[in-house]
Each structure stands twice: as C-alpha cells, then as structure tokens.
Amino acid sequence: MARLAGLLSSHRQCVGQTSISTLESGVLFRGYQLVDLVEDASFPEVAFLLMQGRLPNLEDLADFHAILTDESQMDSGIIRALDELPIHVPILDVIRSGIDLISHHDPQVGQTHPEAMIAQAMRLLAQFPRLLSLRSENTVRQQETTDFDNESYASALLSAVSINAPTPLAEHALECLLIITAASSNESSVLAARLCSSSGGDLYSGLLSAYCCYQGQAHFQSWEDLADFCGNYQPLIYQRSTLLSRIEKAESLPGFQFRSHHEVDNREKILRQLCHQLAQETNQGEVELFVKDFEHLIWQQTKMTPTLDWTIYRLMTYLGIKPHLTTAVLALGHLINWTAHIMEQATTENTFQPMIEYCGPLSMTYESLDARS
C-alpha cells in the first residue's frame, strides 16, 4: 500500500505532446467528444480514428471489417505454444506471450512505416478474441476464423469471454467500455510505448513495453479484491457491520476514493447508465438498489465516492465476464491507444528522452579489494 501511495502522490509533469486523446476537458478523441462517439460509433470506428487520424466512411469500415476477418485466423503453432503453458499461468501472462508469438509470425515484423504498423495492429486486433478464449471455457476457441463482416467486434469478444449469450445491449455496453478504455493518455504504459518507439523499436516492441507497465499497474488494481469487497452484492444488512468495521480500522475500500461529491466523470456516468439498463435485462435490478445504498453509506461515513473501476466491475458482472478476465479485456482498448501513440512518436522528429536526476554520493574513496573488510 505504501508503494501505491507513493505512485499516486508522485509529482507529475508534461513530457510531450499528443493529438490523440485527452481527459482534461471532458474526454476527447482526435477532437471528438466521447459522449458523441459512444452514442453511435463502434469500437472499430474509434480504432480507425485513433490509428488513421480520421473517422472512416462506409467503404473504409467495410474494408476494416474484411481485413479483420482475413487476419483472424491464429497460426496453429501459436495456439499449441500457448496451450502448453501451465494452467496456473495468469491470463495477463498468456496475452503477453501471445503478443510476442504473433509478432514472430507477422510478415511485416520490424517494419516501422505507418502502413505496416496499422497492418500489424489489425492482426492483433483480429486475433485478440481468440487469444482471450485460450483461458476461457467458451466454444469460440474452436472456430478457426471470425466473420467480422457479419458479426460485430463486441459480439466476437463476448463470445470469447462471457458466460452469457451476446445481446444488442451487451454488445453496445462492451463497445462503450472499450472506447472509454482507449482514452487514457497519461499512464506510464503510454510513456513506455513512446520511449520504445523513440528508441527505434517497432510496434510489437512498443506494445510489449507498454503492456508490461500495464500489467504491473494491474497488481494494484485487483478485480478479485473488488469482488471480495462487494461480497456478491449481499443485502446491505449483512454488509453494514463488515463495512463499518473496515472503516473503523482505516482499511482500504476497493473502488472508492476521496473526491468532490459534485465532481462528475463523464465516463463513469455513461457506464453507470449502461449498468442500470443491463441490470434490468439480466434480472439483477436489486443489485443496483444495493449499490445505491452501499455508496450512500460509504459517503456518509467517509466522504469517499466511487471510482471508475467500481462501475466497470459491476458492468463486467452484468456482461457475464469473470473478474480474472477483466484486466485482460480492458487491455484491448489500451492496445489501440498504445498503437496510436507509437505511430505518432515514430513520425515526430523529437527524441523521447526523460531525464532522471542523480541523488547519490559524490566523493566516495575507492579501496582495493584486499583493503575491504
């Protein structure tokens, strides 16, 4: 906890410029408002926007889906290698190994011009549902290819990771979540991606650098801890004594933070509304009532408010996605964001060179090996 507190309280300063996305004045993607994109745009449309710098027209989007279909078949050697990993290997490690293996089979690996990097990103995007399915019990892994011409990307992803059958509302909710996830621009994973690109690394090197940072951050963001804290959404009467005990002992409250009660996060607002709709569709409306009481009690006792993670966890629950897969699913939105940043960095003339200030001793006297006791 002390290390995490240090990370959160560390001084932040601007290390570069980007035209990809920002969270400063509402969420913007290439100048487009998040609220406008989640209303009608699909995740592939936003992926195209981030990588190409413009929204696709009908022909562009049709070509995009066709390419995804063509690239969706994963090499049998990759599947065998990942299947042979020990069953206890976490899904995040499986994905990291999968990205590395996919790069070895990529005919354009090492090429850093924009067209090649877009093609590489498309291959990863097309094969990501299959990659996730390698640690799920769903039948999608039996399919050699995915027909993205006739199946939405969200539907293919839900088929790979969800215990529920995809519905139009569930697909829309997952699209919104992936779009929201793709907005991050100030995380260490983005800096790692740009640093690798600035050093001459190709797309896969940059993505793996970013992914390792993302995986490290995930250790501080345990969805399993959040699941334990929610207690399977038991009625408030059973949770109240446990919650008050945690507050009295100053223990952590996963999914909550100190923030102005009137501060509005558009992302959280969008996902909260989707939670209400999905709760009704899945006959879990009582959970939303419990959550409302739970949040009110925590606010009364601590003046803490829900984080975005609190709402994401609930959305994942309604979508039928188990906690251990949550971080892996969210990595998909980040992957498109990292790709855009790697491409942007590759086209700039400015070398990305953050500086670390030395604070060690200045006048140590060297002693020979024999003189050291």
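Mentor: Start with a term. Buried means under 20% relative accessible area. Keep in mind that this is a predicted model.

Trainee: Which residues of helix H5 are buried?
Mentor: In H5, residues 76-83, they are Ile 78, Ile 79 and Leu 82.

Trainee: What makes these buried residues line one face of H5?
Mentor: Look down the axis of H5. The buried residues fall within an arc of 100°, so they line one face of the helix.

Trainee: What covers the buried residues of H5?
Mentor: The cover includes helix H6 (91-104) and helix H7 (114-133).

Trainee: Why is Asp 265 called buried?
Mentor: Its relative accessible area is 18%. The cut-off is under 20%. Asp 265 therefore counts as buried.

Trainee: Where does Asp 265 lie?
Mentor: In the loop between strand S4 (256-258) and helix H14 (266-281). Asp 265 and Thr 307 are 42 residues apart in sequence, and their C-alpha atoms are 9.1 Å apart in space.

Trainee: How are two packed helices described?
Mentor: By the angle between their axes and the distance between the axes.

Trainee: Then why are H16 and H17 called roughly perpendicular?
Mentor: The axes of H16 (residues 308-319) and H17 cross at roughly 110° and come within 10 Å. Angles of 65 to 115 degrees count as roughly perpendicular. The crossing falls in that range, so the label holds.

Trainee: Which residues meet there?
Mentor: From H16, Ile 312, Tyr 313 and Met 316. From H17, Pro 323, Thr 326, Val 329 and Leu 330. The residues of this contact divide into 6 nonpolar, 1 polar and no charged.

Trainee: What makes a set of residues a nonpolar core?
Mentor: Its members are buried, of the nonpolar types listed for a core, and joined through side-chain atoms within 4.5 Å. The largest such core here has 105 residues. Among those with the most contacts inside it are Phe 29, Leu 174, Leu 319 and Trp 338.

Trainee: Which helix gives the most to this core?
Mentor: H17, residues 323-346, with 12 residues.

Trainee: Which residues is Leu 174 in contact with, beyond its neighbours within four places in sequence?
Mentor: Ala 154, Leu 157, Leu 158, Leu 319 and Val 329.

Trainee: And the chain as a whole?
Mentor: Of its 373 residues, 48% count as buried. The secondary structure comes to 17 helices and 5 strands.

Technical notes
Residues are numbered from 1 along each chain as its sequence is written. This is a predicted model: local features need pLDDT of at least 70, side-chain atom pairs count only at pLDDT 80 or more; totals for chains, interfaces and linings use all residues. Side-chain values use heavy atoms; hydrogens and water are left out. Buried means under 20% relative accessible area, exposed over 50%, partly exposed in between (1.4 Å probe, protein chains only). Helices (H or I, at least four residues) and strands (E, at least two) are DSSP runs, numbered from the N terminus. Contact means heavy atoms within 4.5 Å. Axes are lines fitted to C-alpha atoms, for helices over the stretch in contact, and angles run from 0 to 180 degrees between N-to-C directions. Angles under 35 degrees count as roughly parallel, over 145 as roughly antiparallel, 65 to 115 as roughly perpendicular and the rest as oblique. Ala, Val, Leu, Ile, Met, Phe, Trp, Tyr, Cys and Pro count as nonpolar, Asp, Glu, Lys and Arg as charged, and the others, Gly among them, as polar. The arc is that of the directions from the helix axis to the C-beta atoms.
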